[in-house]
Amino acid sequence: MRAVSLLLLLSLLIIVAVASIYAVPAGICRLMNRGGRRFSKTDVTGEPAALVVLSGRVEFRRDGAGGRRAALSPSCDARVREAARIYELIAPEWVISTGGIPNPTCAELMKSRLVELDVPADRVLLEARSRTTRDEAVFVEEILREVGVRQIVIVTSEVHMPRSLAAFRAVGFRAIPAGAPDPGLTRPWAAWFLPSVHGLRFSSDLVHELMGIVVYWIRGWQAS
């Protein structure tokens, strides 16, 4: 019995160690997302398009006065920077900034950052009610139905892209992926193969997304 317990403990330690190696979840994400190919202008057709930036983590950091201020996480900021790059490429009809929690909302924080990156404020619409990816798809559909736009470019982290694409296609969009590279990709190559908290967090996000894909499939919230 003791030998079995030790074997189980050793197996768990090996799984955690492998999961904490950044190269493992990063490689799986690349396989899930066309090998990591970045969005280009030729990915869209000539019909009107909207750029949809999906919400990410909002962090609360200490400010100089001893209080706390809301800020986009590094991965969420990467989505916004990728959205600004794509805006310059295709000049979409609209940019939709999504995410309804916390306060200020992620949608509001991302819009402010987009404006800092020279995206015109009057072209950015807020979707500030959503709490899930499914919500984002439903609420964005309501916004864009009124202006007759059905072609969208989804900007989100690569790990979040498969579930996001399926959710938006399920509500009738022609959804085109534009994965924002994970900030960790710029780390030294040696760091890719050493256990780290960042690698473990990335693996946790990957497991969350894989489980989400299964749940969305069961509930009929995704399309191929």
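In the predicted model, the largest pocket is lined by 33 residues, among which Ser-55, Gly-56, Arg-57, Arg-79 and Asp-205 lie nearest its centre; a pocket is here an open set of points on a 1 Å grid over the protein atoms alone, where a 1.4 Å probe fits, with protein on both sides within 12 Å along at least five of seven lines, and lining residues have an atom within 4 Å of a point. Two or more lining residues are given by each of helix H3 (74-90), helix H5 (133-145) and helix H8 (197-219), and H8 contributes the largest share, six residues; helices are DSSP runs (H or I) of at least four residues, numbered from the N terminus.

The model is predicted, so that local features need pLDDT of at least 70 and side-chain atom pairs count only at pLDDT 80 or more, whereas totals for chains, interfaces and linings use all residues. Residues are numbered from 1 along each chain as its sequence is written, and side-chain values use heavy atoms, with hydrogens and water left out.

Five aromatic pairs are counted, rings of Phe, Tyr and Trp (its six-membered ring) being paired if their centres lie within 6.5 Å, with planes under 30 degrees apart taken as stacked, over 60 as edge-to-face and the rest as tilted. The pair Phe-168 and Phe-173 is tilted, because the ring centres lie 6.0 Å apart with the planes at 40 degrees. Phe-168 is buried at 0% relative accessibility, as is Phe-173 at 5% (buried means under 20% relative accessible area, exposed over 50%, partly exposed in between, with a 1.4 Å probe and protein chains only).
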